[in-house]
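Reader: I have a new model open. Can you walk me through it?
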Amino acid sequence: MRPLLITYTIILILGISSMLSGIHHLANVAGFIGAIALLLIFFKDRNSEETEEEIKIRRYWYVVCGTGIFFSLIFGSFWNDHMGNMI
């Protein structure tokens with residue numbers, strides 16, 4: 001549970017600081033962390049019989065990863081005025 005909370009805190013700090021400062025690179029880093037964590041959680045080998053606690057933790061990880069990707073899409077990509085050299 002501790003790595004989950006640390007990751008979620010980092011993603012929230014990056015997303016909120018990107019929102020307040022306007023530096024879209026911070027939100028893109030949050031999205032990168034979310035995407036890598038999603039890959040690690042989604043493709044992890046699971047036991048044939050998972051406990052309810054493992055299923056609950058996995059769902060929490062999906063929420064954390066989704067939050068990072070959401071921050072990246074909203075505050076990173078859409079606010080990036082240098083994307084494709086469009087000014």
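Predicted model: local features only at pLDDT ≥ 70, side-chain atom pairs only at ≥ 80, totals over all residues.

Reader: OK. How many helices and strands does the protein have?
Author: It has 3 helices and 0 strands. The pattern along the sequence is α-α-α. Helices (H or I, at least four residues) and strands (E, at least two) are DSSP runs, numbered from the N terminus.

Reader: What share of the residues counts as buried?
Author: Of 87 residues, 29% count as buried. Buried means under 20% relative accessible area, exposed means over 50%, and partly exposed is in between (1.4 Å probe, protein chains only).

Reader: Now the pairs. At what angle do α1 and α2 cross?
Author: Roughly 155°. Helix α1 covers residues 2-21, helix α2 covers residues 24-42, and their axes come within 7 Å. That makes α1 roughly antiparallel to α2. Axes are lines fitted to C-alpha atoms, for helices over the stretch in contact, and angles run from 0 to 180 degrees between N-to-C directions. Angles under 35 degrees count as roughly parallel, over 145 as roughly antiparallel, 65 to 115 as roughly perpendicular and the rest as oblique.

Reader: Is the crossing of α1 and α2 left-handed or right-handed?
Author: Left-handed. That term applies if the near helix is turned anticlockwise from the far one by less than a right angle; clockwise is right-handed.

Reader: Which residues meet there?
Author: From α1, T7, I10, I11, L14, S17, S18 and S21. They meet H24, L26, A27, V29, A30, I33 and G34 in α2. Contact means heavy atoms within 4.5 Å. The residues of this contact divide into 8 nonpolar, 6 polar and no charged. Ala, Val, Leu, Ile, Met, Phe, Trp, Tyr, Cys and Pro count as nonpolar, Asp, Glu, Lys and Arg as charged, and the others, Gly among them, as polar.

Reader: What does L14 touch?
Author: L26, A27, V29, A30 and I33, not counting residues up to four places away in sequence.

Reader: Next pair. How do α2 and α3 pack?
Author: At an angle of about 150°, with their axes 7 Å apart. That makes α2 roughly antiparallel to α3. The crossing is left-handed here too. By class, this contact has 13 nonpolar, 8 polar and 1 charged residues.

Reader: And α1 with α3, at what angle do they cross?
Author: Roughly 15°, and the axes come within 10 Å. That makes α1 roughly parallel to α3. The contact is made by P3, L4, T7, Y8, I11, L12, G15, S18 and M19 of α1 and Y60, W61, V64, T67, G68, F71 and F75 of α3. It has 11 nonpolar, 5 polar and no charged residues.

Reader: Switching topic. Which residues form the largest nonpolar core?
Author: There are 12: L4, I11, L14, A27, A30, A37, I41, W61, V64, C65, F71 and F75. A nonpolar core is a set of buried Ala, Val, Leu, Ile, Met, Phe, Trp, Tyr and Cys residues joined through side-chain atoms within 4.5 Å.

Reader: Which helix gives the most to this core?
Author: α3, with 5 residues. Still, α1, α2 and α3 (52-77) each supply at least two.

Reader: Let's zoom in on T67. Is T67 buried or exposed?
Author: T67 is buried, with a relative accessible area of 16%. It is found in helix α3. Leaving aside neighbours within four places in sequence, T67 is in contact with Y8, I11 and L12. T67 and Y8 are 59 residues apart in sequence and 8.2 Å apart in space, C-alpha to C-alpha.

Reader: What about V63? How accessible is V63?
Author: V63 has 48% relative accessibility, so it counts as partly exposed. V63 is also found in helix α3.

Reader: Last one: what does G66 count as?
Author: Partly exposed, at 37% relative accessibility. The C-alpha atoms of G66 and A35 are separated by 8.3 Å.

Notes: Residues numbered from 1 in each chain as written. Heavy atoms only, no water.
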